[in-house]
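Today I am opening a new notebook page on a ligand site. Here is what I looked up, in the order I looked it up.

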Amino acid sequence: MTSAAPAETILKSSHLLGIEQLSVPEITALLDLAETYVALNRGADKKTATLRGRTLINLFFEASTRTQSSFELAGKRLGADVMNMSVKTSSVSKGETLIDTATTLNAMRPDLLVVRHQDSGAAELLSRKLDCCVINAGDGSHEHPTQALLDALTIRRRRGAFQGLVVAICGDVLHSRVARSNIHLLLKMGARVRLIAPRTLLPADADRFGVEIFHDMKKGLQGVDIVMMLRLQLERMSGAFVPSTREYFHFYGLDHEKLKLAKPGAFVMHPGPMNRGVEIDSAVADDIEVSLIQEQVEMGVAIRMAVLDALSRGLAKEGRNAP
Ligand code: NCD
């Protein structure tokens, strides 16, 4: 067993619902704590006793590969008991509501609940009804805080600081909780953010975020340090937002030719899952010189360990379910 980091309080809230509510010192402390877990995860003994005796429930109402598996791994590496609640096999498919399901789970006395739901605000609603720490793993098109934190960790490891960096977020911003959380985080940390998207895939009030907006990818990419690509979220679209995926790739798909317009040495990121040949060319996604996509996945486990650790410190302080 490896000894845990000193247990000072990091987060004011007992839930992680969004980046919007986090302060710069809180974000920095989470990134610093995650660094210790990056080192731990690269060693042979990846296990600590930080969450020994704690129970973590993963409650996913939407499909997930990376997020769910990394929360599971994060919980297990910290020594918690982890239960994955598959919504397809639960009573939700028999018509039970979100609140009923959550209240039932709450009676089993979990300490931490990770929830992904198709409705914006679902995690916040649960945080008001349940006794445990609630972590938002994506609510509709609202926020996905751990994705923005893992993206920030990936960027900070490569660039050192956020101040003055220019980050382009490209594609389906309208439906993307990843974009929203990243915009909040990058602006708070002092980076400049550009949104590059067709008008149909930008929120009507996008100019109020304090970002620069481009509809032409060739103009928007000029001089950027980081290019963050987003998936076309077809499951959230009613009707046609783009004429065809072929045409979309022509104007907004990232290939090596468009990437040449960015700053020399610029990096490419994507939260996954990718639609190859729609928003990103395989040759870019798999180019280890520029693509940080696999690194993002690695940072995902470390960030989720940091978040679980930080929230459980609050539990211990309150004496709630203290082991
Ligand atoms: C994202 C999500 O679910 O919001 N995926 C993820 O968590 N890595 C992005 C997406 O679905 O496109």
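This is a predicted model: local features need pLDDT of at least 70, side-chain atom pairs count only at pLDDT 80 or more; totals for chains, interfaces and linings use all residues.

**The ligand and its pocket**

I listed the shell of the ligand, and found Thr67, Arg116, His144, Gln147, Arg177, Val178, Arg231, Gln233, Pro271, Gly272 and Pro273 around it; a residue is near a molecule if one of its heavy atoms lies within 4 Å of it. Residues are numbered from 1 along each chain as its sequence is written, and side-chain values use heavy atoms, with hydrogens and water left out.

By class, I get three nonpolar, five polar and three charged residues in the shell (Ala, Val, Leu, Ile, Met, Phe, Trp, Tyr, Cys and Pro count as nonpolar, Asp, Glu, Lys and Arg as charged, and the others, Gly among them, as polar).

Next I checked polar contacts (pairs of N or O atoms within 3.5 Å). Thr67 has a side-chain N or O atom 3.0 Å from an oxygen atom of the ligand. For Arg116, a polar side-chain atom lies 3.0 Å from a ligand oxygen atom. Pro271 uses its backbone: an N or O atom there is 2.9 Å from a nitrogen atom of the ligand. The ligand taken alone exposes 310 Å², and the protein buries 94% of that (Shrake-Rupley method, 1.4 Å probe).

Where does the ligand sit? I find it in the largest pocket, with "sits" meaning that more than half of its atoms lie within 2 Å of the grid points. A pocket here is an open set of points on a 1 Å grid over the protein atoms alone, where a 1.4 Å probe fits, with protein on both sides within 12 Å along at least five of seven lines; lining residues have an atom within 4 Å of a point.

I noted a volume of about 350 Å³ for this pocket, the space filled by probe spheres set on the points. Its lining has 20 residues, with Arg116, Arg177, Arg231, Gly272 and Pro273 nearest the centre. The lining splits into five nonpolar, eight polar and seven charged residues.

**A backbone detail**

I also saw a cis peptide bond between Gly272 and Pro273, with omega about -5 degrees. Most peptide bonds are trans.

Technical notes. A polar contact is a pair of N or O atoms within 3.5 Å; within protein, one must be able to donate a hydrogen and the other to accept it, and residues adjacent in sequence count only if both atoms are side-chain atoms.
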